[in-house]
Amino acid sequence: MGGRGVPWVRKLIYFPGDAVPPIESALPGGEEVGFTTDDGVPLAAWFIAGGSETATAVLILPGNGGNRESRAPLATALAARGFDVLLTDYRGYGGNPGKPSEDGLAADARAARAWLTDQREVDPDRLVLFGESLGTGVAVGLATEAPPAALILRSPFTSLIALARQHYPGVPSVLLPDRYPTIDRIGSILSPTLVVAGDRDSIVPLVESQRVF
């Protein structure tokens with residue numbers, strides 16, 4: 001991000017989960033896959049098929065905590081409804097090497113999307129981006145580069161600066177190395193978009209998601 005901000009602040013943003021359990025215990029019927037980002041980071045992920053060669057694929061871009069194990073029930077539910085699902089972890093998460101950052105997560109999302117389109121031959125008109133919390137910023141950024149068939153945003157926020165003011169009011173925004181400026185990007189996205197939010201969300205205030213909507 002051009003040297004903006006200070007690196008230690010990222011410890012307040014990213015909370016990587018450790019190594020994941022065997023896929024057989026977390027995502028029955030899934031398979032372990034991997035791909036490498038443009039900047040050379042190898043990433044591990046899980047894929048589960050929905051049962052059709054022409055199924056719509058869902059790329060899940062998770063939030064800032066945990067790893068893909070906690071998202072396995074969502075992947076299972078989507079696959080049961082006929083969707084192919086790629087459940088990936090960012091760099092530094094789920095046993096993947098590297099340290100998370102806004103640019104890094106953007107590269108990770110591009111690599112995951114490329115794996116679906118190249119290795120699984122998923123047409124763009126059959127690809128849905130599903131972002132949750134921090135992952136909504138990643139999903140919106142990716143959608144501006146390559147429009148998906150649809151975009152699902154669960155608990156999106158306008159920008160990381162706005163969210164930081166809610167949780168760390170004493171930290172000057174100038175110190176933030178990452179921004180995720182969804183509010184500046186969302187208006188350019190023409191794909192059908194679903195925004196999901198809850199009024200009991202303790203991380204992303206409802207008003208933030210409403211502004212994105």
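Start by selecting D89 and R68: both are buried, where buried means under 20% relative accessible area, exposed over 50% and partly exposed in between (1.4 Å probe, protein chains only). The model is a predicted one, in which local features need pLDDT of at least 70 and side-chain atom pairs count only at pLDDT 80 or more, while totals for chains, interfaces and linings use all residues. Residues are numbered from 1 along each chain as its sequence is written, and side-chain values use heavy atoms, with hydrogens and water left out.

**D89 and R68**

Show the two side chains. D89 and R68 form a salt bridge at 2.7 Å, N to O; the term stands for a side-chain nitrogen of Lys or Arg within 4 Å of a carboxyl oxygen of Asp or Glu. D89 sits in the loop between β6 (84-88) and α3 (102-119) and R68 in the loop between β5 (65-66) and α2 (72-80), so the bridge ties together parts that are 21 residues apart in sequence. Helices (H or I, at least four residues) and strands (E, at least two) are DSSP runs, numbered from the N terminus. The structure holds nine salt bridges.

**R91 and D108**

Next, select R91 and D108. Their side chains meet in a salt bridge of 2.8 Å, N to O. R91 is in the loop between β6 and α3, whereas D108 is in helix α3, 17 residues apart. Both residues are buried.

**D178 and R10**

Move to D178, which has a salt bridge with R10; the closest N and O atoms are 3.0 Å apart. R10, at 21%, counts as partly exposed.

**E31**

Finish at E31, in strand β2 (residues 31-36). E31 is partly exposed, with a relative accessible area of 35%. Leaving aside neighbours within four places in sequence, E31 is in contact (heavy atoms within 4.5 Å) with I23, A45, W46, F47 and R120. Pick the C-alpha atoms of E31 and A45: they are separated by 8.5 Å, and the residues are 14 apart along the chain. Then show R120, whose side chain makes a polar contact with the side chain of E31 at 2.7 Å. A polar contact is a pair of N or O atoms within 3.5 Å; within protein, one must be able to donate a hydrogen and the other to accept it, and residues adjacent in sequence count only if both atoms are side-chain atoms.
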